Amino acid sequence: MKIAVFLPNWIGDAVMATPALRAMRQEFSDSEIVSIQRPYVADVLDGLTLVDRSISWKSGETLTSQLRFLQQLRSEHFDLAVLFPNSFRSASLAFLAGIPRRVGINRDYRRWLLTDVLTAGDRQTPHPAIDEYLKIAAHVLGRENSEFPAASGMSRSMELAVTDQDRQRWNAFWNKQSAEFKSRPLICLNPGGAFGAAKHWPTTHFATLAQRITTDLKKSVLVVCGPAEKEEAIQIVEQAGHPFVTSLAGEPLHLGLTKAAIQQAELLVTTDSGPRHFAAPFQVPAVTLFGPTHQMWSETFYDRSLPVQLDLDCGPCQQRVCPLGHHRCMKELGADQVFRAVISLLDQQQRKAA
């Protein structure tokens with residue numbers, strides 16, 4: 001059998017889909033599994049054996065290139081399409097590619113494009129995306145009537161890998177650092193968020209936190225970033241003004257470098273953005289700063305994480321930009337409060353190790 005798996009369009013969601021991919025890989029060990037995804041998502045699965053190969057597609061292309069991509073899908077002669085995104089476009093691609101069996105959730109007016117229609121959960125009631133992906137996989141595996149997830153034989157444990165190229169990227173950066181910087185435990189900070197401005201924690205707060213970590217805890221601080229967060233990372237380092245606070249901004253940026261950096265960290269402090277989910281697969285403790293989003297949407301049941309969120313009447317609003325214009329949910333979440341969370345999580349991990 002030949003299976004096309006349409007991956008989620010967000011980096012964090014692609015990580016949360018790895019338990020479902022693993023369940024299908026174990027069941028269909030003799031089948032060819034091909035992931036279909038946006039180009040920036042493909043790097044998430046690098047180094048893993050959950051899929052045999054991948055095909056990337058871009059949005060906003062010319063009609064000619066879109067037709068060419070559709071023809072490529074048709075030429076693959078897939079037997080089954082598993083749709084993790086809830087979009088109309090993913091279902092229409094699978095339909096137009098002539099894939100005979102198409103499994104997905106009934107959303108975005110696409111019921112008629114699917115052969116196996118799963119009931120959509122209430123959008124007003126937050127529920128974990130990781131479980132939604134597992135339930136799609138459970139249907140494909142014929143286990144949807146099992147007690148979920150334990151009796152289904154599936155685990156919520158996420159997977160990531162660091163490739164040899166990723167290690168080379170990391171070593172190239174690490175070798176440039178001073179001996180004293182490298183002698184201290186490393187804490188990574190992950191600013192930004194592709195979802196929208198409402199997820200951003202102020203740069204000044206990150207800089208103050210970095211100062212506290214280096215001065216009070218005697219740790220080194222590395223600000224990880226993608227192209228969209230490069231300038232913010234530079235500003236955090238400049239405002240922190242400490243020799244043991246640096247960033248990846250001067251390196252050739254790559255998702256694999258971010259994975260390698262977080263894998264080496266003692267702890268990650270992160271907004272609710274994609275790289276937040278790199279911590280759990282590498283068993284790195286993570287303090288996650290929530291603002292406009294409900295924690296349950298991205299709950300991964302990772303026991304070495306500590307969420308921090310203010311209790312405000314206006315939130316969580318799930319909006320990309322603060323509809324009231326004040327952005328209190330992130331601005332009033334002070335560096336001192338986050339620093340206390342860092343200490344708490346580090347102490348918790350030390351007690352477990354004792």
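User: How many salt bridges does this model hold?
Analyst: The count comes to 18 salt bridges, in a structure that is a predicted model.

User: What makes arginine 25 and aspartate 52 a salt bridge?
Analyst: The closest N and O atoms of arginine 25 and aspartate 52 are 3.1 Å apart. The cut-off is 4 Å, so the pair qualifies. Arginine 25 sits in helix α2 and aspartate 52 in the loop between α3 and β3, 27 residues apart.

User: Why is arginine 25 called buried?
Analyst: Its relative accessible area is 13%, and buried means under 20%. Aspartate 52, at 44%, counts as partly exposed, because that class runs between buried and exposed, the latter being over 50%.

User: What makes glutamate 27 and arginine 143 a salt bridge?
Analyst: Their closest N and O atoms are 3.0 Å apart, and the rule asks for within 4 Å. Glutamate 27 lies in helix α2 and arginine 143 in the loop between α6 and α7, so the pair ties together parts 116 residues apart in sequence.

User: How do you know whether lysine 176 and glutamate 251 are buried or exposed?
Analyst: Lysine 176 has a relative accessible area of 57% and is therefore exposed, the limit being over 50%. Glutamate 251, at 12%, counts as buried, the limit there being under 20%. The two form a salt bridge, with the closest N and O atoms 2.9 Å apart.

User: Why is tryptophan 112 called exposed?
Analyst: Tryptophan 112 has 57% relative accessibility, and exposed means over 50%.

Technical notes. Residues are numbered from 1 along each chain as its sequence is written. This is a predicted model: local features need pLDDT of at least 70, side-chain atom pairs count only at pLDDT 80 or more; totals for chains, interfaces and linings use all residues. Side-chain values use heavy atoms; hydrogens and water are left out. Buried means under 20% relative accessible area, exposed over 50%, partly exposed in between (1.4 Å probe, protein chains only). A salt bridge is a side-chain nitrogen of Lys or Arg within 4 Å of a carboxyl oxygen of Asp or Glu. Helices (H or I, at least four residues) and strands (E, at least two) are DSSP runs, numbered from the N terminus.
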